[in-house]
Amino acid sequence: MAKILIVEPDESTRDAIRALLELEDHLVTGVANAGSALLEIERNIPDLVLTELYMEGMDGLELIRACRRQWPGLRILSMTLGARPGATDTIQIAKLLGASAFLDKPLLDDRVVDAVDVALAS
């Protein structure tokens, strides 16, 4: 059982990921933005952060940078719609910043579970 933080602005997507990971017996918290994520991480450091890259205000790249500065060993997975204009560059930057993997939306249940399992095992 792992503590997982989902950072996803879309409530229905956040709830779907939460439900999927709770079926795998993980303790899951979901927040809508990077600012809330940083506050949640301060309160209770998770085993894994799964973050959207494109968000209002602080985006996922800025969140990854902030996490790397304050919690360098924190496991992070990034996700977004890969077909979004400019997404390929953003995905590469996320990997360079230390996101261990990327999930392309729409998310497929098996891919999410597999990516989370791999990230937690590393």
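Predicted model: local features only at pLDDT ≥ 70, side-chain atom pairs only at ≥ 80, totals over all residues.

Residues are numbered from 1 along each chain as its sequence is written, and side-chain values use heavy atoms, with hydrogens and water left out.

First, the overall picture. The chain has 5 helices and 5 strands; these are DSSP runs numbered from the N terminus, with helices being H or I of at least four residues and strands being E of at least two. Starting at the N terminus, the order of elements is β-α-β-α-β-α-β-α-β-α. The radius of gyration is 13 Å, close to the 14 Å that the globule rule gives for 122 residues, so the chain is as compact as a globular protein of that length. For the record, that radius is taken over C-alpha atoms, and the rule is 2.2 Å times the number of residues to the power 0.38. Along the principal axes, the C-alpha atoms fill a box of roughly 35 × 30 × 25 Å.

Of the 122 residues, 43% count as buried. Now contacts, meaning heavy atoms within 4.5 Å: among those with a separation of 6 or more, 69% are between residues 24 or more positions apart.

Next, the charged pairs. Side chains of opposite charge can pair when their charged atoms come close. I'm calling it a salt bridge when a side-chain nitrogen of Lys or Arg is within 4 Å of a carboxyl oxygen of Asp or Glu.

Please find K105. Its side chain meets that of E8 in a salt bridge, at 2.5 Å from N to O. This pair links distant parts of the chain, 97 residues apart: E8 is in the loop between β1 (3–7) and α1 (11–23), and K105 is in the loop between β5 (101–104) and α5 (109–121). Both E8 and K105 are buried.

K105 also forms a salt bridge with E52, again given as 2.5 Å, N to O. Here the partners are 53 residues apart, with E52 in strand β3 (residues 48–52) and K105 in that loop between β5 and α5. E52 counts as buried because its relative accessible area is 2%. A polar atom of the E52 side chain also lies 2.9 Å from the backbone nitrogen of Y54.

R43 and E40 form a salt bridge at 3.0 Å, N to O, and both lie in α2 (residues 34–43), 3 residues apart, about one turn of the helix.

Staying with α2, the buried residues are A34, A37, L38, E40 and I41. Seen down the helix axis, they fall within an arc of 165°, so they line one face of α2; the arc is that of the directions from the axis to the C-beta atoms. L39 and R43 are exposed on the other side. The cover over the buried residues includes β1, β2 (27–31), β3 and α3 (60–70).

Now compare α5 on your screens. Its buried residues are V112, V113, A115, V116 and A119. These also fall within an arc of 165° down the axis, so they line one face of α5. They pack against β1, α1, β3, β4 (75–80) and β5, while D110, V118 and A121 are exposed on the other side.

Last stop: V7, in strand β1. V7 counts as buried because its relative accessibility is 0%. Its contacts, leaving out residues up to four places away in sequence, include A34 and A37, along with E52.

That's my tour, and I'm happy to take questions.

Definitions and conventions: Buried < 20%, exposed > 50% of the residue type's maximum accessible area, 1.4 Å probe, protein only. Polar contact = N/O pair within 3.5 Å; in protein donor to acceptor, adjacent residues only side chain to side chain.
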